[in-house]
Amino acid sequence: MKHLTILVTAFILMGNLIFAQSFEKDIFNTSAGDLTITFIGHGTLMMEFNGKVIHIDPVGQYADYLKMPKADLILVTHSHGDHLDLETIKKIQKGGTQIVASLVCAEQLPSASILKNGDSGTFLGIEVEAIAAYNIVNERSEGNPFHPKGEGNGYILNIGGKNIYVAGDTENTPEMKKLQNIDVAFLPMNLPYTMTPEMVADAAQVFKPKVLYPYHFGNTDTNSLVELLKDEAQIEVRVRKLN
């Protein structure tokens with residue numbers, strides 16, 4: 001019996017370790033208080049500002065959302081299952097939670113505010129602009145891109161005077177290269193679905209975000225991007241753990 005008790009205790013401790021959640025965080029000073037960004041996994045992020053919680057593409061694969069803060073605002077970039085997870089959204093909703101989504105998500109999220117590419121709106125006092133997110137080169141088959149133009153969004157959030165760009169699943173599009181005054185950018189970097197390090201560097205060298213995070217990078221070597229942009233004094237490349 002003693003050995004059985006020890007064994008059960010060991011399994012409980014192991015289970016607690018397995019399900020323990022530890023995420024990297026960065027804090028940015030804004031004109032209206034600190035913005036905390038939590039790096040959860042893949043294309044999934046969380047932001048906290050002035051007591052409000054913003055979840056971006058929350059997906060249950062990357063965190064136990066029963067243990068995560070409830071959402072005041074949820075942003076969904078597109079309908080693929082590694083970005084739109086209805087069960088996880090239900091877990092973090094509360095009374096008054098607002099959801100913003102791209103056009104292709106409308107059927108699955110009937111209560112969401114839909115922003116088409118180029119649209120903008122104000123949610124929780126935060127201006128949110130939808131930027132087109134799509135493939136130019138990478139296709140499932142000829143004429144069938146992984147992310148067709150018009151279906152997915154990236155989002156620019158103006159938080160306390162800082163512009164935060166979360167690009168969604170996209171390549172280095174003309175719309176991206178026209179961006180200005182971006183303080184923090186999250187750019188996806190994995191083939192065949194989004195960008196190579198060279199594509200990310202190409203876009204960043206044009207619109208020059210002050211801080212650049214590669215995200216959604218899978219097994220891509222992030223050091224390649226750091227090397228490509230090592231001489232760009234205006235761009236700080238930060239690599240964070242994203243499961």
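Which backbone nitrogen lies 2.8 Å from a polar atom of the side chain of Thr97? In this predicted model, the backbone nitrogen in question belongs to Lys94. A further polar atom pair involves the backbone oxygen of Ala71, which is placed 2.6 Å from a polar atom of the Thr97 side chain. Thr97 itself is located in the loop that runs between helix 2 (86-92) and strand 6 (98-101). The relative accessible area of Thr97 is 14%; because this value is under 20%, the residue is classed as buried. When residues up to four places away in sequence are left out of the count, Thr97 touches Ala71, Asp72, Ile74 and Ile92.

Backbone geometry was examined next. Most peptide bonds are trans, and most residues other than glycine have a negative phi. The bond between Leu191 and Pro192 is cis, with omega at about 5 degrees. Pro192 is part of the loop between strand 14 (184-188) and helix 4 (197-207).

A positive phi of about 55 degrees is found at Asn181, which is not a glycine. Asn181 occupies the loop between helix 3 (174-177) and strand 14. With a relative accessibility of 62%, Asn181 counts as exposed, because the value is over 50%.

Lys208, likewise not a glycine, has a positive phi of about 50 degrees. This residue is situated in the loop between helix 4 and strand 15 (211-215). The relative accessibility of Lys208 is 29%, and the residue therefore counts as partly exposed.

Conventions:
Residues are numbered from 1 along each chain as its sequence is written. This is a predicted model: local features need pLDDT of at least 70, side-chain atom pairs count only at pLDDT 80 or more; totals for chains, interfaces and linings use all residues. Side-chain values use heavy atoms; hydrogens and water are left out. Helices (H or I, at least four residues) and strands (E, at least two) are DSSP runs, numbered from the N terminus. Buried means under 20% relative accessible area, exposed over 50%, partly exposed in between (1.4 Å probe, protein chains only). A polar contact is a pair of N or O atoms within 3.5 Å; within protein, one must be able to donate a hydrogen and the other to accept it, and residues adjacent in sequence count only if both atoms are side-chain atoms. Contact means heavy atoms within 4.5 Å.
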